[in-house]
Amino acid sequence: MLYREAGQFKTDYASDQAIFPISQDRLGLAVIIAGALAIPLSGNDFLINAVATPFLIFSLAAIGLNLLTGYTGLLSLGTGAFMGVGAYACYKLTSIFPDVNILIWVAVSGLFSAAVGTIFGLPSLRIKGFYLAIATLAAQFFLEWCFIRVSWLYNYNISGAIEVPQRELFGIIVTGPRATAETRYYVVLGFVVVMTWIASNLVHGRIGRMWMAVRDMDIAAELMGIRLLSTKLLAFAVSSFYCGVAGALMTFLWYGGAEATVFNINQSFTILFMIIIGGLGSLLGAFLGAALIYIMPIVLRWVPELLGLPMQAATVEHVTFMTVGVLIIFFLIAEPAGLARLWQIGKQKLRVWPFPY
Amino acid sequence: MHLLYMIFIDPFVQMGQAPDLLAQTLWEGLVGGMLYALIALGFVLIFKASGVFNFAQGIMVVFAALTLVGLHDAGLNAFLALGLTIVVMFGLAFTVERVVLRPLVNQPDIILFMATFGITYFLIGFGEFVFGGDPKVMVTEDLFLPQGSITYKTLGGIVQLQKIDIAAVIIASIMVAALAVFFSKTRIGRALRAVADSHSAALSVGISLEQIWVIVWFAAGLVALVTGIFWGARSDVSFALEIIALKALPVLILGGFTSIPGAIVGGLIIGIGEKLGEFYWGPLVGGGTDAWFAYVIALVFLLFRPQGLFGEKIIERV
Amino acid sequence: MRAPSGPDVAVGDVLLSVERVSLSFGGVNAVSDVSFDIRKGEIRAIIGPNGAGKTSMLNVINGFYQPQQGRITFKGESHTKMRPYEAAHGGIARTFQNVALFRGMTALDNIMAGRSLKMNKNFFWQLLRYGPAMREEVEHRRRVEEIIDFLKIQEIRRTPVGRLPYGLQKRVELGRALAMEPELLLLDEPMAGMNMEEKEDMSRFVLDVNDHYGTTIALIEHDMGVVMDLSDRVVVLDHGIKIADGSPDEVKTNQAVIDAYLGVAH
């Protein structure tokens, strides 16, 4: 009743190809964006700094990995390292050119990540599937090692970590210890909204189709004239760009610093789990997965307290690991298309509601 | 020029100058390689018999070690703890196969691969919940495993072998030999090979698949436990061992998924390779190369032989 | 939508010729010293008992396998090693024995994927979508809709192909090949697994493609009735060797062909 398409006819191909053809969907999107803009008005620093900002950053990284693994079918375990490349690149760029706008450097650091990602993607011409995943492990461990050993990357700082310097934008302090949670949130929100829009454009057009063709049946794709190597390399490049920007945002606009362990194999697994649970091959899935995996431990810490049964921090971590493990297995067996598919099924039911079918 | 010398000439000069150090490094690489090979072996066993890619073998090794230590610390006699751990491992393997691997049997490898990460995370959480998260010490004395080391004066210097390492190599070799004989000479071994080839054909000649799988999972669990004991004896027992378990993957790439000798050869190449690399070339770049050396070897390998050393060439048909 | 013309080949001239091609896989000879040609505008059937090397022959033509000996001459150009990309760009499209559709996509997207060759608005326009990229999408969507109308698959255009019945999947696959606007269309057992009615529909489509678009067709088929009705000329393979080549009537009465099908030792 609420979610009916009746009466919404499309009279030209352009509107038929629109990404949100149903007007209720467009309304829903507007509501979400309005809500996102309004979050800082709540004044709750915890909500902004420990929930909303990291959620957006992880969603961005998840989108990046999803483009490579979900849409193009190339499993990568190097996400953490590619995020790191972005972070360290941004740090070096702003150290060497402190007067350039930091937001520009955040975007440019994505290009460095894209370059590194493309290089490590070259084996994908010869290597497929699970074997390629091992190759990405090589990238992960090698780059992680570089983050520790190449002291130039962290300006020879004795602690081995990078500390984010203060930077301003139009007179407002954007990074560094004095930047407010609200400012940082809006910057991250801006990046995420724009980059999600771009990712959506890509996957709904020619390039998205080429990626999915390579994923589904690369032989047929090749025989249709799709160049496999350039399609795969493009996927690596774009995906690493997104992960690099996410890494730079994470370091400069959330943590305020970073060290090599932040970008380790566990980070790679975390993002991978986000897209498995959220839904491979779905941009919405990236957000849903990030929400579930990132916010669940927070909820697990809070709810028992509210109910009067406090849980130790260590126990929360253990329960989180166990739950994530179970969810991964559950989704891979029962619904490989993840939460996004469940969402779609829900919308299907809503379209015919209150009728059963 | 100097750089080229440092990379291509000097390490070999060093090897020649101090052959005792070379022998020491080779030995340590051998031991490490044997243990990697054992992890890969557990995987190969299960794959040969059931066609299932059990990438969780690595985490099972860690879990076995933890269980053994946990039970022993709780006061049980070492051998009782050992027996109980075997039972636990068997139960675990059985559950994993039923609950996770069986439902995913027709899915592409990548899905199974990802599922085993799910298993890994679950076991990490569960293990730390039950046993606590701090590193533990493996049970060695109570199991009559030798302590201390033997020192040889040879090759112009000293070579020191840890007794536990010697024990590891001996026991591992016995196990591998036993498995090889078992596979090729006994009735059950033949049945296992039949099952690996074709389930339906095996069924039609009266082989009980259930029985076979039980035996195989038991063998794999045993291998995991032995591996866990020796790994744990050489370094602390904690879930950080999982990183070592991940290294079994390059071993599988070199050795292929279905070959027992392949797992051994692959393990030795990786183990010795990374030790030599770290000892002689590591200092040039600041050390720590063993974090990634194995994977880079595997990567280079894959570029030339995408199907591994012993694997079958993949012919794609349309 | 007319088939594009490269170096102009008149109807009736040889469009593609297979010259002394031999292909083997590690000791197994799939195809041995086979030569035949395909004339522009005709429907050429390739038949033979199972294992005769028919699919391998098709795979050589569109560059998936590289023959150890011999060459393919297409539109006047000779190739000893044809790459799939070259074949596709040259105007060769095909369907597969085991429907090779992109299962994660809808029927419409599958056919649109067939237009990839023709779409060239570069990466940066794709980032924006609105503007030149969108106009290109719409233009190709128009062409694809013509194919959808032609194949009568309007209702299922938004259905994920994995959910379609087999017969419709085959039709979508045909649509995807047609989207490439090929000069030469290779069909590998397009009627396999179909019932009588579906076969009649597919036969009609094949004839229409040949009539309406002028596309040259090479098809592998087991159903003799279909072969006799549809094809202009037939080439017969057995154990990788060509044993007959001619009109359907000539081939039907050829003793060697009859022996091959009945399994008489020779």
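**Loop residues with positive phi**

I began with A:Y156, which lies in the loop between α6 and β1 (162-163) of chain A; helices (H or I, at least four residues) and strands (E, at least two) are DSSP runs, numbered from the N terminus. I kept in mind that this is a predicted model, in which local features need pLDDT of at least 70 and side-chain atom pairs count only at pLDDT 80 or more, while totals for chains, interfaces and linings use all residues. Residues are numbered from 1 along each chain as its sequence is written, and chains are lettered from A and ligands numbered from 1 in the order in which they are written.

Phi of A:Y156 is near 55°, a positive value in a residue that is not glycine. I noted A:Y156 as exposed, because it has 8 C-beta neighbours inside 10 Å; a residue is buried if 20 or more other C-beta atoms lie within 10 Å of its own, exposed if 12 or fewer, and partly exposed in between, with C-beta atoms placed from the backbone.

I then turned to C:K75, in the loop between β4 (69-74) and β5 (77-79) of chain C. C:K75 also is not a glycine, yet has a positive phi of about 50°, and with 19 other C-beta atoms within 10 Å it is partly exposed.

**Where chain A touches chain B**

I looked up the contact between these chains, which takes 33 residues from chain A and 38 residues from chain B; two residues are in contact if their C-beta atoms, placed from the backbone, lie within 7 Å. On the side of chain A that touches chain B, the elements giving two or more residues are α6 (129-149), α10 (265-278) and α12 (313-334) of chain A. Which of these gives the most? I found that α12(A) does, with 13 residues. The residues of this side of chain A divide into 27 nonpolar, 4 polar and 2 charged, where Ala, Val, Leu, Ile, Met, Phe, Trp, Tyr, Cys and Pro count as nonpolar, Asp, Glu, Lys and Arg as charged, and the others, Gly among them, as polar.

I followed α12(A) to helix α6 (residues 109-131) of chain B, with which it packs at an angle of about 155°, the axes being 7 Å apart. Axes are lines fitted to C-alpha atoms, for helices over the stretch in contact, and angles run from 0 to 180 degrees between N-to-C directions. The two helices, α12(A) and α6(B), are therefore roughly antiparallel to each other, since angles under 35 degrees count as roughly parallel, over 145 as roughly antiparallel, 65 to 115 as roughly perpendicular and the rest as oblique. The crossing of α12(A) with α6(B) is left-handed, and their contact comprises 18 nonpolar, 5 polar and 1 charged residues.

I also picked out A:T323, found in helix α12 of chain A, and recorded it as partly exposed, with 18 other C-beta atoms within 10 Å. Its C-alpha atom is separated by 29 Å from that of A:V245, 78 residues apart along the chain.

**Helices within chain B**

Is helix α12 (residues 248-255) of chain B mostly covered or mostly open? I found it mostly covered, as 8 of its 8 residues are buried, among them B:L249, B:P250 and B:I253. Just after α12(B), B:G256 takes a positive phi of about 85°.

In their contact, residues including B:I270 and B:G273 in α13(B) meet B:F293, B:A294 and B:I297 in α14(B). By class, this contact of α13(B) with α14(B) has 4 nonpolar, 2 polar and 2 charged residues.

Key
A crossing is left-handed if the near helix is turned anticlockwise from the far one by less than a right angle, and right-handed if clockwise.
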